[in-house]
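Open the model in your viewer and keep the selection panel at hand. The tour goes stop by stop.

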Amino acid sequence: MSGDELIARRRLAASPERVWTAFTTPAGIAAFWGGAHATVPPGSVVVDCRPGGEFALDTRAPGGAAGRLRFVYVSVAAPHELVFDEPVTGIRTTVTIRPDGDGVELTVHQRRLPPELRTARAADGLASILEALDLHLRQGADR
Amino acid sequence: MTTSLAPPEPDLDAAFAALADPVRRALVSRLARGEATVKQLAEPFALTQQAISHHVGVLRRCGLVEQRRDGTSRPCRLRAERLELLSTWIDDQRRAWGDRLDALERHLGDDGTAR
């Protein structure tokens, strides 16, 4: 358990522009947003890539469960940083694309949006909480 | 496993909000090492026992801490299973993005071959 707000980091053999395109065009989003467990119909993706604009998509899980996801762009700095909020959950996601040799290092940070949690200190706090949990579980105090 | 950003359980909101406070996080860290009374919890802080009681109350109301009666003292105990709910939620988010980035990598690979 690394226990901070970091969700994912990946080195990709592609230019920043290509990764940016994947994140900001309907075809790109449809190609990967569902991950391994859902598909995103390309026609369902709408993108209005500017601060205050939305992107939205449908997901279809193999079991038939479908849902529409909606996100609102907070800031757009092509091809390096994209910040968007998910209004239903209040989650803020920051996608950072950094050139790294002949590829990029892509980082996706997610954090919850309640104002009191929008601080670096709160992120550190989450780390310390999860460390506390880890310590507790290792000591087996509850098991 | 969630592939979408499933809303967290509503009752997690109170727990996340409670943990936004550094004193309460320190209390949770202390309680992870074992039970403690409010008096014991107050020792490392430049805070009154009343202030610590207030923070313990917030942690109790969101279910992260429980207090039992032991004669005249009321030791506080961490409810680790509640913390686990928070970490499970975070882990689900992390897994969803791991999956998604696998798919992105395949997409970029396909794209490169096609050119």
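Select Asp102(A). Exposed or buried? Asp102(A) counts as exposed, because its relative accessibility is 72% and the cut-off for exposed is over 50%. Keep in mind that the model is predicted.

The side chains of Asp102(A) and Arg11(A) form a salt bridge, 3.3 Å from N to O. Asp102(A) sits in the loop between strands S6 (91–100) and S7 of chain A, while Arg11(A) belongs to strand S1 of chain A, so the bridge ties together parts 91 residues apart in sequence. Arg11(A) has 38% relative accessibility and therefore counts as partly exposed.

**Along strand S1**

Stay on S1 of chain A and pick Arg9(A). Which residue is its salt-bridge partner? Glu105(A) is, with the closest N and O atoms 3.7 Å apart. This pair also links distant parts of the chain: Glu105(A) lies in strand S7 (residues 103–112) and Arg9(A) in strand S1 (residues 6–12), 96 residues apart. At 47% relative accessibility, Arg9(A) counts as partly exposed.

**Strands S3 and S4**

Select Arg70(A) and Glu54(A). Their side chains meet in a salt bridge at 3.0 Å, N to O. Arg70(A) is in strand S4 (residues 66–77) of chain A and Glu54(A) in strand S3 (residues 54–60) of chain A, 16 residues apart. Both partners count as partly exposed: Arg70(A) at 38% relative accessibility, Glu54(A) at 31%.

Jump to chain B and select Glu66(B), Arg77(B), Arg79(B) and Glu81(B). Salt bridges with shared partners join these four residues into one network. Over all chains, the whole structure holds 14 salt bridges.

**Chain A as a whole**

Switch to a cartoon view and color chain A by secondary structure. How many helices and strands does chain A have? Three helices and seven strands. Follow the sequence and the pattern reads β-α-α-β-β-β-β-β-β-α. Chain A has 143 residues, and 48% of them count as buried. Take the contacts in chain A with a separation of 6 or more: 35% of them come from residues 24 or more positions apart.

**Helix H1**

Select residues 16–24 of chain A, which make up helix H1. Why is this helix largely enclosed by the rest of the structure? Because seven of its nine residues are buried.

Zoom in on Val19(A). Beyond its neighbours within four places in sequence, Val19(A) is in contact with Leu12(A), Ala14(A), Ile97(A), Val104(A) and Leu106(A), and with Leu108(B) from chain B.

**The cores**

In soluble globular proteins, nonpolar side chains tend to be buried together. Here, the largest nonpolar core has 31 residues. Val19(A), Phe23(A), Trp33(A), Leu57(A), Leu106(A) and Leu104(B) have the most contacts inside this core. Which helix gives the most to it? Select helix H5 (residues 80–114) of chain B, which contributes five residues, the most to this core.

For the last stop, select Leu12(B), Val28(B), Ala42(B) and Val58(B). They are among the 27 residues of another core, which lies apart from the largest one.

Key
Residues are numbered from 1 along each chain as its sequence is written. Chains are lettered from A and ligands numbered from 1 in the order in which they are written. This is a predicted model: local features need pLDDT of at least 70, side-chain atom pairs count only at pLDDT 80 or more; totals for chains, interfaces and linings use all residues. Side-chain values use heavy atoms; hydrogens and water are left out. A nonpolar core is a set of buried Ala, Val, Leu, Ile, Met, Phe, Trp, Tyr and Cys residues joined through side-chain atoms within 4.5 Å. Buried means under 20% relative accessible area, exposed over 50%, partly exposed in between (1.4 Å probe, protein chains only). Helices (H or I, at least four residues) and strands (E, at least two) are DSSP runs, numbered from the N terminus. Contact means heavy atoms within 4.5 Å.
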